[in-house]
Amino acid sequence: MTQYEPKKLEKKWQDYWYQNKRFEAIDFSDKPKYYALVEFPYPSGSGMHVGHIRAYTSLEVIARKRRMEGFNVLFPIGFDAFGLPTENYAIKANIHPRKVTDDNILVFTEQLKASGFSFDFDRVVDTTDANYYHWTQWIFIQLFKQGLAYRNKTYVNYCTSCQVVLSNEESQGGQCDRCDSPVVQREKDVWFLKITAYAEKLLAGLDTLETLPRIKSEQANWIGKSVGAIIHFDVPKTDQQLKVFTTRPDTLFGATFMVIAPEHPLLENARSHITNIQAVQTYQKQAKLKTEFERTQLIKDKTGIRLEGIEAINPGTKATVPIFVADYVMMGYGTGAIMAVPGHDTRDYAFAKTYDLEIKEVILGGDLSKEAYTNTDEGTLVNSDFLNGMPVEQAIGSMIEYLVQENRGFKAINFKMKDWAFNRQRYWGEPIPIIHCHQCGMVPVPEESLPVTLPEVTSFAPSTDGESPLAGIEEWVNVPCPQCQGKAKRETDTMPQWAGSSWYFLRYTDPHNAKKLADYDRLKYWLPVDWYNGGMEHVTRHVIYSRFWHHFLYDMNVVPTKEPYKKRTAQGLILGPDGDKMSKSKGNVVNPTETINRYGADTLRLYILFIGDYEQATPWNESGVKGARRFLDKVWRLFDNVSNQKDAPYLVTLLHQTIEGVSNDIEQVKFNTAIAKLMTFVNEAQKYPTIHKETYLTFLKLLNPLAPHITEELNQRLGNANDLVFAPFPIADPSQMIEDKAVIVISINGKVRDKIEVAKDVDKETLEKIAVSQPKIQEWCDNKPIKKVIVIPNKLVNIVI
RNA sequence: GCGAGUGUGGCGGAACUGGUAGACGCGCAUGGUUGAGGGCCAUGUGGCCGUAAGGCUGUGGGGGUUCAAAUCCCCCCAUUCGCACCA
């Protein structure tokens with residue numbers, strides 16, 4: 001036969017599939033539906049990365065397999081195209097970001113098609129399309145109306161030289177990425193989404209998610225629920241109370257001092273009573289100078305200052321305790337104040353040692369003269385009045401009862417998760433659809449006026465003074481108030497990139513709908529997403545954010561399911577050939593297009609799946625690609641052996657074992673072993689002069705989801721008129737899988753000494769007799785008494801002497 | 001520091017509920033395809049000893065359970081990821 005020339009034949013099949021819409025998802029089809037979702041890419045200027053291929057091939061294989069299994073498959077793709085790199089490139093090259101985005105999307109689309117992905121390209125969504133962000137804005141307005149979008153102050157990274165707000169990425173190490181001048185923390189009024197209102201639901205929803213335990217625990221960790229109590233400490237002389245959150249109210253009798261964050265309001269409210277207010281203010285200033293980076297990274301020095309003139313009363317012991325200000329306490333977590341229990345917390349212990357404070361044992365154990373005793377999940381209370389002798393769990397309950405009775409506190413739940421800072425001072429993002437009116441305050445843009453589109457401008461560079469570039473566009477900013485028609489101004493901040501990606505999977509179900517984000521019946525047909533694959537790095541942020549929006553939309557009766565995703569997997573990174581993370585600066589980036597040109601898309605797909613454990617990081621190996629190509633060459637050549645001759649029983653058995661193995665491996669994301677099994681089959685099959693046409697065809701179907709082009713071509717060359725897109729996926733016949741012979745290992749004291757071949761399912765007694773009578777074994781036993789014989793049918797016989 | 005994962009040939013990686021360690025691929029070696037190179041085919045390829053038959057040894061290290069351990073238990077080491085002054 002002719003040579004295998006992937007370049008020609010792959011183009012041919014891609015044209016055929018895409019022109020004939022072979023991967024079209026049909027709304028309301030009678031077939032069972034299957035929704036396979038991959039994280040849509042950010043269309044960067046450098047084009048696709050081999051990592052994208054790895055991220056998509058898993059569900060590509062599943063999608064193709066599901067079609068062959070009779071499912072109506074929705075396997076969509078789109079572009080998460082708002083964002084900084086495009087904007088920065090646009091500013092530098094002086095090309096409109098719209099144009100940059102469109103060009104990049106074109107390149108990506110070509111690359112996706114050249115890889116033979118079975119996406120339904122009629123459902124492509126683009127987050128920067130006004131028809132799309134219309135609904136991103138609509139969702140924001142619903143959040144706003146429900147009180148879940150609000151304004152508050154925060155600190156932003158600000159470069160005084162560029163006069164621009166920077167992302168964390170642009171201010172690594174406290175320096176501006178562009179001009180290297182120092183970055184300061186600047187207070188700014190920005191938008192927040194109240195994701196904390198959904199903390200409990202987001203946590204509970206994890207139960208229904210099918211995923212690796214690691215992915216669940218990372219999300220749970222992010223949400224960070226802790227149960228404890230709020231306790232009120234009086235501050236005599238002032239009219240103030242210090243409220244602390246603690247997970248361990250049982251240790252109240254051991255609280256010998258208190259620590260508040262430098263930002264704590266008490267410092268302002270009790271100012272006149274604090275005699276060393278000057279020193280405190282100096283400390284506050286120092287703390288403010290520290291970036292979040294320094295405050296969280298430089299953990300060694302425990303600095304702090306004692307408040308002179310005021311003290312607090314421990315509501316348990318009734319003793320007065322000193323109050324400190326220290327930056328190891330964060331205003332953003334809990335109440336911004338803690339009761340310090342130095343006996344049983346290492347940080348409090350270190351602090352107490354530095355300032356020579358009382359360290360009191362309240363849970364039995366350890367040696368407090370050396371270190372804090374922190375093994376306190378269990379234990380017995382001491383030195384604690386009415387709690388003495390109680391186990392920890394009971395003591396927590398008793399203390400809460402006491403606090404409630406005394407009106408000194410109550411049981412409380414606290415979350416680590418903070419509200420979502422929802423703003424960017426940039427041009428290339430969704431405008432936040434709010435109008436600021438002197439009379440009416442913040443007014444949402446009426447829904448019928450959506451979308452609020454980005455104004456056409458010539459300069460989209462960030463404006464100075466930390467404002468969005470939109471702020472400088474008078475004709476866009478100045479609008480009448482929708483309520484009172486008075487003079488008003490548009491909000492000029494745009495949304496963060498996480499916005500558009502929080503609901504894109506909903507739009508795929510009805511991408512062209514002009515009246516709604518998606519038709520409810522279509523959502524009902526397609527949701528939930530049956531399988532969602534993406535990067536490990538998105539497990540916390542993106543997945544949680546999108547789950548939050550989904551929960552909210554469910555409460556608004558916009559979507560039919562509580563949770564958006566049924567199953568989540570995450571692929572491992574592909575590292576450079578040098579074992580380092582691929583990056584432009586290291587020059588170790590592998591371009592998929594090059595590999596496709598040299599070896600073909602089927603080879604690339606196959607190699608990437610074969611490269612290693614799907615969920616683990618693995619380095620790229622160029623000669624490994626050759627191996628994948630060699631395999632396809634063998635498959636191609638095997639065509640010459642096709643005949644109507646009956647196959648040897650061994651090959652038939654192997655075929656059915658291969659069907660079973662490959663199918664199972666694919667479902668378990670074990671693509672590397674699935675391919676190994678396919679390779680083994682070809683290696684064995686080519687040892688025979690012929691292969692039966694049906695056997696070969698079955699093999700092609702099995703290989704099709706992984707290497708669709710070559711298998712379509714060979715199927716056609718077999719004379720079959722129908723393509724393989726909906727050809728039934730092979731199912732193994734269990735009766736054909738069983739071998740009639742078994743190799744039995746005979747070992748003596750656990751060491752393999754001989755192997756024998758016997759008929760399948762020989763009973764234990766016979767097997768033992770055969771084994772013991774083997775000459776080699778006789779020799780090894782050397783007439784020593786046999787103590788014991790263990791027989792595992794079809795596997796081994798172990799003789800103990 | 002806490003949590004999760006990983007550790008197996010020269011390399012990527014296999015090994016089901018404990019039952020032939022190293023599947024499959026790469027690389028390498030020898031031979032063939034009668035010029036070379038490539039390609040392809042065959043054979044071999046954990047280490048050590050041995051011409052060979054064969055033997056010993058071997059899954060990060062140390063101990064244990066078991067007829068039998070890469071797999072289970074305990075202690076250590078290394079490494080990756082996540083969270084990180086979380087009260």
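Hi everyone, let me start at one particular proline: Pro-528 sits in the loop between α15 and β21. When I say helix or strand, I mean DSSP runs numbered from the N terminus, with helices being H or I of at least four residues and strands being E of at least two. The bond that joins Leu-527 to Pro-528 is a cis peptide bond, with omega about -5°.

Some housekeeping. This is a predicted model, where local features need pLDDT of at least 70 and side-chain atom pairs count only at pLDDT 80 or more, while totals for chains, interfaces and linings use all residues. Residues are numbered from 1 along each chain as its sequence is written, chains are lettered from A and ligands numbered from 1 in the order in which they are written, and side-chain values use heavy atoms, with hydrogens and water left out.

What does Asp-530 meet in a salt bridge? Its partner is the side chain of Lys-33, at 2.8 Å from N to O. A salt bridge here is a side-chain nitrogen of Lys or Arg within 4 Å of a carboxyl oxygen of Asp or Glu. Asp-530 belongs to the loop between α15 and β21 while Lys-33 is in strand β1, so this pair ties together parts that are 497 residues apart in sequence. The structure holds 38 salt bridges.

Now follow the chain into the sheet. Five strands form an open sheet in the order β2-β1-β21-β22-β8, with parallel pairing. At the edges are β2 (72-74) and β8 (210-211), each of which pairs on one side only. Two strands count as paired if DSSP finds at least two bridges between them; β21 (531-535) and β22 (567-571) have four, in the parallel sense. Within that pair, Gly-535 stands opposite Gln-571.

Helix α2, residues 50-68, lies across β1 (33-38), β2, β21 and β22, and runs at about 170° to β1. Axes are lines fitted to C-alpha atoms, for helices over the stretch in contact, and angles run from 0 to 180 degrees between N-to-C directions.

Which helices does α17 meet? One is α18: the axes of α17 (592-599) and α18 (601-610) come within 7 Å and cross at roughly 120°. That makes α17 oblique to α18; angles under 35 degrees count as roughly parallel, over 145 as roughly antiparallel, 65 to 115 as roughly perpendicular and the rest as oblique. In contact, meaning heavy atoms within 4.5 Å, are Pro-592, Thr-595, Ile-596 and Tyr-599 of α17 with Ala-601, Thr-603 and Leu-604 of α18.

For another helix pair, take α20 (649-667) and α22 (693-703), whose axes come within 11 Å and cross at roughly 10°. These two are therefore roughly parallel to each other. On the α20 side, Leu-655, Thr-658, Ile-659 and Val-662 meet Thr-695, Thr-698 and Leu-702 of α22.

Two backbone details to finish. Leu-450 to Pro-451 is also a cis peptide bond, with omega near 0°, and Pro-451 is in the loop between β18 (441-444) and α13 (474-477). Lys-318 is not a glycine, yet has a positive phi of about 65°; look for Lys-318 in the loop between β12 (305-313) and β13 (320-325).
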